[in-house]
Amino acid sequence: MALVAGIDSSTQSCKVVVRDADSGAVVREARAPHPDGTEIHPREWWSALTGASSGLLDDVAAVAVAGQQHGMVTVDGEGEVVRPALLWNDMRSAGAADDLVAELGGPKAWADAVGSVPGASFTVTKLHWLAEHEPGAAARVAGVMLPHDWLTWRLTGGVGEPTTDRGDASGTGYWSPRQGVYRTDLLVRAFGREISVPRVAAPNEAVGHTSSGALVAPGTGDNMGAALGLGLRAGDAALSLGTSGTVFTVSDEATRDRTGTVAGFADATGRFLPLVCTLNAARVLTATAAMLGVDPAGLDELAMAAEPGAGGVVLLPYLDGERTPVLPDTAGSLHGLRRSTMRPENIARAAVEGMLCGLADGLTALTNAGVPVGRVLFLGGGARSAAVRAIAPTILDVPVVVPAPAEYVALGAARQAAWALTGSDQPPEWDTAETGPKTEPAPVPRVRERYAAVRRAVHGV
């Protein structure tokens with residue numbers, strides 16, 4: 001029995017899952033936390049990976065890493081990290097993003113060039129910020145990698161040419177999914193000069209070996225890993241409630257949303273992965289629970305005790321700024337409070353509804369971009385919330401399915417590792433993404449309408 005390992009290096013932790021290469025059955029798994037923050041030295045990821053994988057990888061035949069997207073890892077000519085990595089949720093490059101979009105000729109020019117309009121999350125904007133604000137550090141930079149690129153490179157001994165995959169490369173802002181090439185001109189526009197970038201490997205390519213001899217696959221971004229782990233098909237949209245909230249699906253055609261709402265990413269198989277991302281998802285629930293002095297189960301109970309619409313109370317859940325809509329410097333806000341409605345139950349319900357309304361807007365943006373959606377699959381820690389599962393059908397106008405709990409990002413990485421191990425044309429068919437019962441939509445229109453009216457009144461979007 002050949003074993004393969006999938007590693008999910010996310011914002012909050014590192015998860016390692018070892019599976020049978022033929023069936024996909026879980027053999028063992030472990031995890032280790034990452035430090036909190038939006039600026040972290042990559043050695044913290046490596047420490048978590050080696051800690052979580054200690055004793056787990058000795059007998060695996062292949063391994064792959066799926067990591068948080070967009071993060072900027074800069075290295076010097078010797079491969080040493082120049083400065084702590086700026087993560088996807090670091091918003092300091094918002095001004096740099098505005099400058100780059102304007103300099104190229106506006107959102108349409110960027111959407112046509114790389115399929116996405118870069119915001120503060122994108123690597124290209126972080127490089128522009130670095131060149132402008134830390135010229136001393138920028139002068140030492142010889143190359144740039146994404147978090148999963150750097151970890152893959154370390155797994156292969158930290159020597160030779162770093163590699164990436166088309167999925168994660170598509171989130172940099174300087175690689176074109178439609179053309180399949182780096183846009184070096186955009187990289188130079190952002191950073192002021194050419195620097196090295198990882199080679200884009202084929203999805204099923206072996207890019208090296210670990211010290212124990214295991215084959216190393218190219219890896220990918222976390223959302224691409226989740227899509228591969230789920231076996232996502234056209235018409236299915238995954239709605240992932242983790243640190244960020246993402247709505248994505250697979251498509252045979254590249255998208256170009258000139259509003260910037262839909263990112264036109266590539267997936268991990270050779271197709272495309274149109275995606276909408278919000279900064280605020282599951283942590284909206286944990287922050288609200290802490291404010292109300294309850295645990296997650298208590299928040300669920302409170303939210304379920306309130307009527308749909310929360311008595312007119314609306315939460316704009318921009319607790320960490322926001323990426324979609326582009327409001328990096330804003331804050332969350334409660335609206336519609338009256339003495340008769342200012343109750344814990346309504347605050348809890350408004351938190352769940354506000355988070356879901358933001359993601360429902362993302363789902364609408366996907367369909368407006370010409371991507372059909374027939375059902376939504378809920379993923380991530382936030383999907384464990386009973387209130388989220390119960391309230392979602394009142395917000396989303398499509399059927400909702402909650403797959404069996406699993407580490408789908410790590411599963412996708414393991415599936416890619418098994419694919420590279422065989423070298424076949426298609427990834428292995430694993431029957432691991434079991435789905436639960438389907439909940440039909442039961443929309444309460446006034447909830448989304450009131451949310452949209454408050455958002456427009458406060459932020460004009």
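Helices (H or I, at least four residues) and strands (E, at least two) are taken as DSSP runs and are numbered from the N terminus. The model shown in these views is predicted.

**View A. The largest nonpolar core, with 59 residues.** Val4, Leu127, Leu130, Phe248 and Leu273 are the residues with the most contacts inside this core. Helix α14 (residues 408–422) contributes its largest share, eight residues. Apart from this core lies another, of 42 residues, which includes Leu299, Val352, Val376 and Tyr451.

**View B. Surroundings of Leu130, one of the residues with the most contacts inside the largest nonpolar core.** When residues up to four places away in sequence are not counted, Leu130 touches Met72, Thr74, Arg83, Pro135, Ala137, Ala138, Val141 and Phe191.

**View C. The enclosed helix α9 (residues 222–230).** Nine of the nine residues of α9 are buried, so this helix is largely enclosed by the rest of the structure. The buried residues of α9 are Asp222, Asn223, Met224, Gly225, Ala226, Ala227, Leu228, Gly229 and Leu230. Gly231 follows α9 and has a positive phi, near 65 degrees.

**View D. His70 in the loop between β5 (62–67) and β6 (73–75).** The phi of His70 is near 75 degrees, a positive value in a residue other than glycine. Because its relative accessibility is 3%, His70 counts as buried; the cut-off for that term is under 20% relative accessible area.

**View E. Ala310 in the loop between α11 (296–305) and β20.** Ala310, a residue other than glycine, has a positive phi, near 50 degrees. With a relative accessible area of 0%, Ala310 is buried.

**View F. The cis peptide bond from Thr324 to Pro325.** Omega of this bond is near 5 degrees. Pro325 is located in the loop between β20 (314–316) and β21 (333–335).

**View G. Thr341 in the loop between β21 and α12 (344–368).** The relative accessible area of Thr341 is 11%, and this residue is therefore buried. With its neighbours within four places in sequence left aside, Thr341 is in contact with Gly311, Val313, Gly336 and Asn346.

How values were computed: Residues numbered from 1 in each chain as written. Predicted model: local features only at pLDDT ≥ 70, side-chain atom pairs only at ≥ 80, totals over all residues. Heavy atoms only, no water. Core = buried A, V, L, I, M, F, W, Y, C linked by side-chain atoms within 4.5 Å. Buried < 20%, exposed > 50% of the residue type's maximum accessible area, 1.4 Å probe, protein only. Contact = heavy atoms within 4.5 Å.
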